[in-house]
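Trainee: I would like a close look at one part of this model, and then at how the rest is put together around the contacts between its parts. Please keep to what can be read from the coordinates.

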Amino acid sequence: MTIILPDLPYEKDALEPHISAKTLTFHHGKHHNAYVTNLNKLIEGTDLASETLENIIKKTVNNADKIGIFNNAAQVWNHTFYWQSMKPNGGGLPTDDIAEKINADFGGYDNFIEQLKNAGLTQFGSGWAWLVMKNNNLEIIKTSNADTPIAHGLKPLLTVDVWEHAYYLDYQNGRGSYLNAFFNNLVNWAFVNSNLV
Ligand code: MN
C-alpha cells in the first residue's frame, strides 16, 4: 500500500501562540511529508510495499540493512501520533481514567509531569518523550531519533517531539519553554484516554 500523509487534525494556526502556523507548515508539510515520500520510494517494488505502516516498523527494527526504511517509517508513525497528542486549548490536569491511573502509578500529577518533562529535556539530541503502557503500568520513556515504542512491544499513550525542528522557529534553543507550553496548553487528554482502551 502507498503510505499517505494524513491531514493535521486541526488548522495550521490552531495551536498558536504555543506552536505557530509557520512551525506546523514546515513540520507537517516538509518534515513529515518528506518521511512519507522517502518511505514510499524505499519500499517500492519490495515485499514491504504491501505491508501496513506498523508492520513495516516491526519487520525492520534492529535490521542494519533496513535502517533507512525503519527510520522513515517510524518517523511517519511518530508524527501522526504526535499531532493527535495535541489539541487547541488542551493541556493542564489529566481527565477521566488516565487521571486515576497517573495518581495510582506516579503518586500525583506533579510528580508525573516533572518526570515526563525531564525525559524531554534530557533526551540528548533528537528524539521523543513518551508516556507508554507496559504490563498494565504507566511508564515514561525517551527514544532517540526515529525510535518508537511500537517497535519494542510498548503501547504508546502520549508523545512529545523534541527534535529541534518541532520548536526552533518558536522557541529557538528553549526546549524547556516548548515543553512547558506543550504540557500546560496542548496535551489532548481525550486522545490519551482513547489509547488506554
Ligand atoms: Mn518532528
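Leaving aside its neighbours within four places in sequence, which residues is Ala181 in contact with?

Mentor: Ala181 is in contact with His18, Tyr171 and Leu186, once its neighbours within four places in sequence are set aside. Contact here means heavy atoms within 4.5 Å. Before going on, note that this is a predicted model, in which local features need pLDDT of at least 70 and side-chain atom pairs count only at pLDDT 80 or more, while totals for chains, interfaces and linings use all residues. Residues are numbered from 1 along each chain as its sequence is written, and side-chain values use heavy atoms, with hydrogens and water left out.

Ala181 belongs to helix α7, residues 175–185. Helices (H or I, at least four residues) and strands (E, at least two) are DSSP runs numbered from the N terminus. Ala181 counts as buried because its relative accessibility is 8%; the cut-offs are under 20% relative accessible area for buried, over 50% for exposed, and partly exposed in between, with a 1.4 Å probe and protein chains only. Gly92 is 89 residues from Ala181 in sequence, yet the two C-alpha atoms are 9.9 Å apart in space.

Now the wider setting. The domain assignment gives domain 1 as 21–84 and domain 2 as 96–196; such bounds come from an automatic or database assignment. The C-alpha centres of domain 1 and domain 2 lie 20 Å apart. Domain 1 gives 20 residues to the contact, and domain 2 gives 25. Together the two domains bury about 1800 Å², of which 69% is on carbon and sulfur atoms. That figure is the accessible area (1.4 Å probe) that two parts lose on being put together, summed over both. On the side of domain 1, Thr23, Phe81 and Tyr82 lose the most area to domain 2, together 34% of what that side buries.

A salt bridge is a side-chain nitrogen of Lys or Arg within 4 Å of a carboxyl oxygen of Asp or Glu. Between domain 1 and domain 2 there are 10 residue pairs in polar contact, both residues at pLDDT 80 or more. A polar contact is a pair of N or O atoms within 3.5 Å; within protein, one must be able to donate a hydrogen and the other to accept it, and residues adjacent in sequence count only if both atoms are side-chain atoms. Two or more residues on the side of domain 1 that touches domain 2 come from each of α1 (21–43), α2 (53–60) and α3 (67–84). Helix α3 gives the largest share of that side, 10 residues.

Helix α3 also holds Asn72. With a relative accessible area of 11%, Asn72 is buried. The side chain of Asn72 is joined to that of Asn38 by a polar contact of 3.4 Å. Beyond its neighbours within four places in sequence, Asn72 is in contact with Ala34, Tyr35, Asn38, Leu39 and Leu42.

In helix α1 there is His28, which is buried at a relative accessible area of 7%. A polar atom of the His28 side chain lies 2.8 Å from the backbone oxygen of Pro6. Residues up to four places away in sequence aside, His28 touches Leu5, Pro6, Asp7, Leu8, Lys12, Asn33 and Trp83.

The structure as a whole holds 2 salt bridges. Another is formed by Lys101 and Asp105, whose closest N and O atoms are 3.4 Å apart. Lys101 and Asp105 both lie in helix α4 (residues 96–106), 4 residues apart, about one turn of the helix. Lys101 is buried, with a relative accessible area of 19%, whereas Asp105 is partly exposed at 29%.

Last, helix α8 (residues 189–196) has 6 of its 8 residues buried, so it is largely enclosed by the rest of the structure. Its buried residues are Trp189, Phe191, Val192, Asn193, Asn195 and Leu196, and they pack against α3, α4, α5 (109–122), β1 (127–134) and β3 (155–161). At the start of α8, a side-chain oxygen of Asn188 comes within 3.2 Å of the backbone nitrogen of Ala190.
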